[in-house]
Amino acid sequence: MIKYYIDSPSQELIEKDKDFTISGWALSLSKIKFINIYINDVFHKEINEFHDRLDVVNAFPLYNDCLSCGFSFELYIKFLDWGENNIKLEFIDFDNNIEITYKKIVRTKSNLEYHNYYIASIEKQYRMLEKYLLNNIPVEIYVDCTETNGLLNTLNSLKNQSYLNITYKLFTKSNNISEIKKIIESEYSFDKLFIEELLIIREIGYVTFLKASEILEYNSIKRFIKELEHKEEVSLCYSDSDYYLSNGIHLAPNFKPDYSYNYLLSKNYIGGVYLINKNNYNLGLIDLTYNDWRYKLLLDIISNSEDKNILHISDVLWSESYTEGELCANSPEIVDIIEEHLLNTGLNFDKIVNDNEFNDIKWSYSNKIKVSIIIPTTGNISLVKPLIDSIFEKTIYNNFEIIFLDNGRGKHPDGIKFLKDKGLKVIEVNEVFNWSRLNNIGVQNSDGELLLFLNDDMEVIDELWLEELVRQAVRPTIGAVGGLLLYPDKRIQHAGVFLVDHGGGARHWLHFANQEKEIYQNLHKTVREVSANTGACLMIRREVYSEVGGFDENLPIVGNDIDICLKILQKGYKNIWTPKCSLIHHESISRKKITFTDDEKEMWNRWGDLYMKGDSFYNSNLSLNNSKCELADYQQIELKKEMIDESLNGINLIGYIKAQMGVGEGARGVARALYTGNVPFCIINYEKGNPSSMGDNTWNKLIVDEPKFDINILHINADLTPTVVNDLPENYFKNKYTIGFWAWELPDFPDDWKSSFSYVNEIWVPSVFVKEAVEKKTSLPVYVMPHPIEKVNTPYLNRKYFKLPEDRFLFLMMYDIHSIQERKNPKGSIKAFKKAFNFNDNSVGLVIKVNNSNEDELNQLKQEIGEYNNIYLLDKNMSRHEVDSLIKSCDSFVSLHRSEGFGLVLAEAMALGKPVISTNWSGNIDFMNINNSICIEYELKKLEKDYGPYKSYQHWAEPSIEHASQMMIKLVKEGDLYQNISEKCQKYVIDNLSPLVISKIMIDRINEIKELIN
């Protein structure tokens, strides 16, 4: 008998929007052999590793030989469908007893899941392009102002472009020039902008076209130009795109394939923004007749370009304004544009069907073309009868022959008899199973111009299935054609094949996707190019089959279909997948994957370079570990060669690298400085004892299980250093030079922490203030290493996102409940604001951001706020980008702290160009002064009592509420003062606290240490 219990999640129905852990225990007298995990009846993984659960064995003494009964595994949210999912746990013991339990998980959408991914990619681009200075190639940008909604958004994105050699021009197809001038006259001078009613393009260089409300990312044009450098042959370059909301959130990304002509005819997946090389294409007078004139122009350009001269950049470089219901809409004139294009290019078609999202082109064909349907079989009557009955009952196209290859060796005589009684050709092949050879024999015994390779476990459900395959396959440019294969429950079994860099090297598009739920870009509904199709339903023209030598019989079981498709691609043909041919594939949905090692090894020998390069039609921003086009795990950093070269002297960085709080941000700052300085390093992520959320994955690529180098930077404060060192394995520190990176906030370093000195060889601190406190208590060397500060020019969320008023000057204060409140002194900022402004003053506001809040703390704050409706309390935990956006959306940062070891968030606010009002004492005065900040007067006072580690004998600053209130008023009223401080504070941080500057300080000391230990 099996006993089990699920500890987490404990509820029957759970909503999740991020990865989560399922844990519990399972007992059996014969011990649990393994646990099978199924997601929506699809086998997901096998759990066969268990950990000790003494509490469980004590509770069940009869099972005393089952100590290792605990299990735990992480379930990645991307493997779940949107909405409700059934998770099945199947417990199996060594006597083959089985118990089953279920959990229901509802996958919910997070507004910021993609947005955070987008911001990370923008930051990565920024670092890639910050030293790229080429500006000699002229770029023209034309903005269509026929519709003026969102025009300022467009122009603002152009004004902020990092690329300098750009000319902007406005034009309109409507009589609205006066309206356009009224919109832009307050923001833009006309010496850089021109309004035209005719679009005549004559000059050299590059040109792109936007419509009002479309925006370019800060580095868009620079990114385009860098990609096009030394590629003069490229005619057109396009990028990925997304949508944006009025509150600044980006959503609904369109991660596009490399150039895909058939997909472009089905849907304008490229969109309206693309860069044209005017040197290669004479634009002349552009036809603006159609509303979708950019799509017409796009088709005109590709008609006169080779496929290889159309370039795709797999980064989101532009965005459209989001309108509910319009993400997939096609305009009625699209059909006219496509018809005109096809007639001009001489391509034969019967008609075009438009369903408001996709265009279904019915290519011309002749029913005189014979199809040979070739089916290997063992003769199982339960499979071949439904197949044959459905083919004859539901197939309109009737010019076909069916050839069965009987490889059953007498196993199913009734099925073979059934086929022969139907008058079908059955060829006995009494050999060891070799799928490639069976199909090749079938071809030798057929005479059709078109060859359809079909499994015997298929069932036809669409009467036009064969006609659609014929329409596609007769086209001279097309190689292999595949269709939509469904499991009996109508989930998708095959929607094309894409290549991956692991396993067997290939995956089925949209495998197991539920058609009744949201599917990425509705790719299951559109004809498109693919790298390959499954051999379960594969049509190839006989001439193409012969050209590539048929199926390779050295691949008897798997990979043979992928192999022939890739050979076809090499010959210059296009492989097509179409949803207009759909069949049921009676393959078991719950079966475990079987690996055929020899065939897969051979495929890797042949095509490994292609697997590793990446699939042209599968965007690199999509996960290779999932078939449903989920977001890839974004890595903000690229691993440089020197980062992973263990032969070099480097650094082991140990700390809370994932913690979403100040100490985590400090550790990530050290990582950024080391990375910027090309110092080899690895990361040991430590989480025990830290109550913060561990959700920052920026540096995941460098996290390791074992230290690699001889120098440690232990980014753990002094009070926890003994605990952490003793908790980690001895080899992490033995014969290594360990640097303790410590912060402290008062003038006297605690005697209680002096034992920590014995665990380190030297100490780094973020400020002179901390250095003076620490070096009084030790003979160890103490060095100042300021926290590096870097804020990238990303699209920040705005006030609307935070539900803050747009029409007033906003001060911001922030603090974390895990910090000692008496030191942070949040009430001081509230008192200063209340002293400066009236409770009903609608020209100003104070925003209070609280991290890790609790009800008692919030109630105290609300009591302090009182009747002031212009004080806004934000208490939800935020991501790093949300915090930066909040700072950016406010006007000034206020910190009337009594002491700071450094003041990381103050420096971050300065980096974002926000004047900081702050107590003029402790660690923050290393980077704040009367020229770049507003420094508040203070009086040193002895602590009234012990506050955690801060003992009553010490002293700290009591900031002047009177002075702070006066400076708040002054900053609001004096625009020149505000502008002056804003510019100077930002410049100071860039010049003195950037990762590049701090990395030089670190490297100098690291080199001295290397000489010392050598």
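**Figure 1. Exposed and buried faces of helix H27 in the predicted model.** The exposed residues Lys1000 and Glu1011 are carried on the face of H27 turned away from its buried side. The buried residues of the helix are Pro995, Ile998, Ser999, Met1002, Arg1005, Ile1006, Ile1009 and Lys1010. Viewed down the axis of H27, these buried residues fall within an arc of 150°, and they therefore line one face of the helix.

**Figure 2. The aromatic pair of tyrosine 487 and phenylalanine 512.** The model contains 51 aromatic pairs. In the pair shown here, tyrosine 487 and phenylalanine 512 are stacked, with a distance of 5.5 Å centre to centre and an angle of 5° between the planes. The pair links distant parts of the chain, its members being 25 residues apart. Tyrosine 487 belongs to the loop between strand E28 (478-486) and strand E29 (492-494), whereas phenylalanine 512 belongs to the loop between strand E31 (506-508) and strand E32 (528-530). Both tyrosine 487 and phenylalanine 512 are buried.

**Figure 3. A cluster of aromatic residues linked by ring pairs.** The cluster consists of Trp742, Trp744, Phe749, Trp753, Phe757, Tyr947, Tyr950 and Trp956.

**Figure 4. Charged side chains over tryptophan rings.** In one view, lysine 109 lies over the face of tryptophan 82, at 4.8 Å from the ring centre. In another, arginine 475 places its charged end over the ring of tryptophan 363, 4.0 Å from the centre of that ring.

**Figure 5. An open sheet of 6 strands with parallel pairing.** The strands follow the order E36-E35-E37-E38-E39-E40. Strand E36 (681-685) and strand E40 (782-784) stand at the edges; each has a single partner strand, so one side of each is left without a neighbour in the sheet. On average, neighbouring strands of this sheet are turned by 25° against each other, direction ignored.

**Figure 6. Pairing of strands E35 and E36.** Strands of a sheet pair through backbone hydrogen bonds, in either a parallel or an antiparallel manner. Strand E35 (residues 651-655) pairs with E36 in the parallel sense, over 5 bridges. Within this pairing, isoleucine 651 stands opposite phenylalanine 681 in E36. E36 is an edge strand of the sheet, with a single partner strand.

Technical notes. Residues are numbered from 1 along each chain as its sequence is written. This is a predicted model: local features need pLDDT of at least 70, side-chain atom pairs count only at pLDDT 80 or more; totals for chains, interfaces and linings use all residues. Side-chain values use heavy atoms; hydrogens and water are left out. Buried means under 20% relative accessible area, exposed over 50%, partly exposed in between (1.4 Å probe, protein chains only). Helices (H or I, at least four residues) and strands (E, at least two) are DSSP runs, numbered from the N terminus. The arc is that of the directions from the helix axis to the C-beta atoms. Rings of Phe, Tyr and Trp (its six-membered ring) pair if their centres lie within 6.5 Å; planes under 30 degrees apart count as stacked, over 60 as edge-to-face and the rest as tilted. A charge sits over a ring if NZ of Lys or CZ of Arg is within 6 Å of the ring centre and within 35 degrees of the ring normal. Two strands pair if DSSP finds at least two bridges between them. Axes are lines fitted to C-alpha atoms, for helices over the stretch in contact, and angles run from 0 to 180 degrees between N-to-C directions.
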